[in-house]
Amino acid sequence: MDLAYTPKQQAFRAEVRAWLADNLPRKPLASYDTREGFEQHREWESRLFDARLSMVMWPAELGGRGCDLTEWLIFEEEYYGAGAPMRVNQNGQLLLGPTLMEFGTEAQKQRFLPRMAASADMWAQGWSEPNAGSDMAAITSKAIRDGDHYVLNGQKTWSTRAIFADWLFGLFRSDPASSRHHGLSFLLVPLNTPGVTIRPIKALNGKDAFAEVFFDDVRVPVDNRIGAEGQGWNVAMATAGFERGLLLRSPARFQYTARKLVELYRANRASADRDPSIGEAVTQAWMDAEAYALSAYHTVGRLARGARIGAESSTNKIFWSELDLRMHETAMRILGARGELLEASEGEANGWLEGFLFAQAGPIYAGTNEIQRNIIAERMLGLPK
Amino acid sequence: MDFTFTDDQLAFREAVSRFLMTEAAPEMLRDVWETDAGRSPELRNKIAEQGLTALSVPEACGGLGMDDVAWSLMTQELGYYAIPDSLADTAYIAAGLLSALPEGSAGRDDALAQIADGSIRVAVGHPVNPLVADAHLANYLLLAHGDEVHLVPRQLVDVIATPSIDASRRLSQVVWEPSSATRVAAGEKGRALWAQTLDRGALAVAGQALGLAQRMLDLSVDYVAQRKQFGKPIGSFQAVKHHLADVATKVEFAKPVLYRAAHALASGARDASVHVSHAKLVCGEAAWLAARHGIQVHGAMGYTWEVDLQMFMKRAWALDASWGDRAFHKSRVAGFVLADGAPLGPGNTFEE
């Protein structure tokens, strides 16, 4: 156990910190759930890419720096510690990216990954269907082979920011006689293909945060398939594993929120202390965010020693989503009657309220926490189905 | 940056686990409960033969010089097997305090050598604990008089037994008169020693609580996998699964907090006390949740004397307030987090 950073790690931290100090947008970007904000985030991401800071873990030939996981944690600490914008293309970069690295052909990697890292292509996901939510193997959207194309018919839903995105990745039933997790293929679909219709779904924050996507005889080249035909389930499970795991929700985000919560408490101490449980909840938030960070460093160290992450990654999803919810609930309690107001001050959005609303989704998306608890019980503890 | 254990450390833990699995089985624990002293000389001899009494003692005094990081694995095993012995008090906490005395202090080297070879027990009477564990069997007691540290032979104190719900905890009130003959440290040095000893005691309890949590989880998993109702194992029902998944999650996120605290203590980090309190809290909460959900999924069997779960629950309940109750540790963490200029947020997890 050696908890000192190496000189190389320290130098990397210093470089990231200096670059962010010089380049951070002076004004907060608009919400990426709006067209205007989405494009502002795209522009920010392309600047990150130009500095090779968009996907630091990716190899240099794909626009990254070949960083290891510890350096990635350092990057995230600097990025979120500086209050930098949320990453708009995470579904592509962190869900599809690793899948392409593992299952994609060389040509597919070259074609998709650098543009994804630069957010020249923005990606939406196409997992859920109206009758395939937690039970994802109930997918019915079809992809029927026709020469060197698939012909897609069906419907996807809850596709995050799909009305703004360029591409969609998802699972389609390529063997019409199959059922459950057999006979599915993993396909990449340009959203401007004829036959694609995207209808926004207004989220409870009033923004078009996700969408339904309809496929009506949509022709997609066979080259856009990841992995073998009919093997889509295995490919997607790898993606879902990454999603539940570390990458999508690095500890720095929650440590940043915990720090802001402490600052909020300290600025409102006289009022907050009328309820002694608030100070306790603020302290607990710091402890939990620390625990999440420590767990990440421990896991990263174990991975470096050759361990594999299994079902214990499901504990991550539960831990961060419930932590995020508790932190925002605590903030709303501190804000009291000001919590409901859309603006914290003239022209400045109420970030705690926005975060509070988004935190409601945490225990639901990326596999509900009930599903995660089933996975922990069955695969980590070995309980019967 | 490497926040993991070496293969040697993990192999050591594995060896300790194998040893205790055979030598500290639940039946043996029940037998020892029934004895007057509550301790098994045979078990203690075997522990000494394994060299486990010598772990913390400096090499110059015949020990192995292992640090708090190694002990964070060891104490989990002591908790997992709920051993009916206060090994950590003598071999870790007392040995740590004695080692920190200036070399040449009266009695220091002799006591450390005897701890290492397993011939003595040393009880620790820290002011944070109202009672002293295993004072009745101790050859020496480390006792506080204000800031002073006294190394007191057993015959100079009176011991009044005070039974605990955990029959393996043998607590006593200790009546004694301080004298210059037994004083080994005072003033600033004494204060620092007691502060460090409190952290070490709290860390020892944290590790044991985490081991207890894991044991109660394992017992519960075994039970719900074999107990059938409605024609199937109750472990196939989601309500039962989710109880145990919550325990597993608590345990999973308590581990690295314990390890960071151990490293902070071993390296003399500035905020070590805060990290220790954090560890004490999360490990204690994991143990209490494992007990609460453990007894729930055991149903009425969990409330019986017959089923082993009770032994581990009682240890978890009893240890929770020792070496500082939750209020003590929460206020230490809050004092840090809510203070002016606290180094919080991303990038501050490890001290530079």
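**Conventions.** I number residues from 1 along each chain as its sequence is written, and chains are lettered from A and ligands numbered from 1 in the order in which they are written. Since the model is predicted, local features need pLDDT of at least 70 and side-chain atom pairs count only at pLDDT 80 or more, while totals for chains, interfaces and linings use all residues.

**Chain B, overall.** I looked up the secondary structure and found 11 helices and 9 strands in chain B, where helices (H or I, at least four residues) and strands (E, at least two) are DSSP runs numbered from the N terminus. The radius of gyration of chain B, taken over C-alpha atoms, is 20 Å, close to the 20 Å that the globule rule (2.2 Å times the number of residues to the power 0.38) gives for 352 residues, so chain B is as compact as a globular protein of that length. I noted that its C-alpha trace spans about 70 × 55 × 35 Å along the principal axes. Of the 352 residues, 54% count as buried, that is, 20 or more other C-beta atoms, placed from the backbone, lie within 10 Å of the residue's own.

**Chain B, annotated span.** UniProt, in an unreviewed entry, places "domain: Acyl-CoA dehydrogenase/oxidase C-terminal" at residues 189-334 of chain B; I keep in mind that such annotations may be inferred rather than shown by experiment. Over residues 189-334 chain B is 78% helix and 3% strand, with the end C-alpha atoms 26 Å apart.

**Interface of B with A.** I found 39 residues of chain B in contact with 49 residues of chain A, contact requiring C-beta atoms, placed from the backbone, within 7 Å. On the side of chain B that touches chain A, helices H7 (187-226), H8 (238-266), H9 (272-298) and H11 (326-337) each supply at least two residues, and the largest share, 14 residues, comes from H8(B). That side of chain B divides into 23 nonpolar, 11 polar and 5 charged residues, with Ala, Val, Leu, Ile, Met, Phe, Trp, Tyr, Cys and Pro counted as nonpolar, Asp, Glu, Lys and Arg as charged, and the others, Gly among them, as polar.

**Chain A.** The assignment, automatic or from a database, gives domain 1 (7-88), domain 2 (123-230) and domain 3 (245-380) of chain A. I read 30 Å between the C-alpha centres of domain 1 and domain 2 of chain A, and 6 residues of domain 1 are in contact with 5 residues of domain 2. UniProt, again in an unreviewed entry, places "domain: Acyl-CoA oxidase/dehydrogenase middle" at residues 124-218 of chain A, a span that is 0% helix and 52% strand.

Methods. Two residues are in contact if their C-beta atoms, placed from the backbone, lie within 7 Å. A residue is buried if 20 or more other C-beta atoms lie within 10 Å of its own, exposed if 12 or fewer, and partly exposed in between; C-beta atoms are placed from the backbone.
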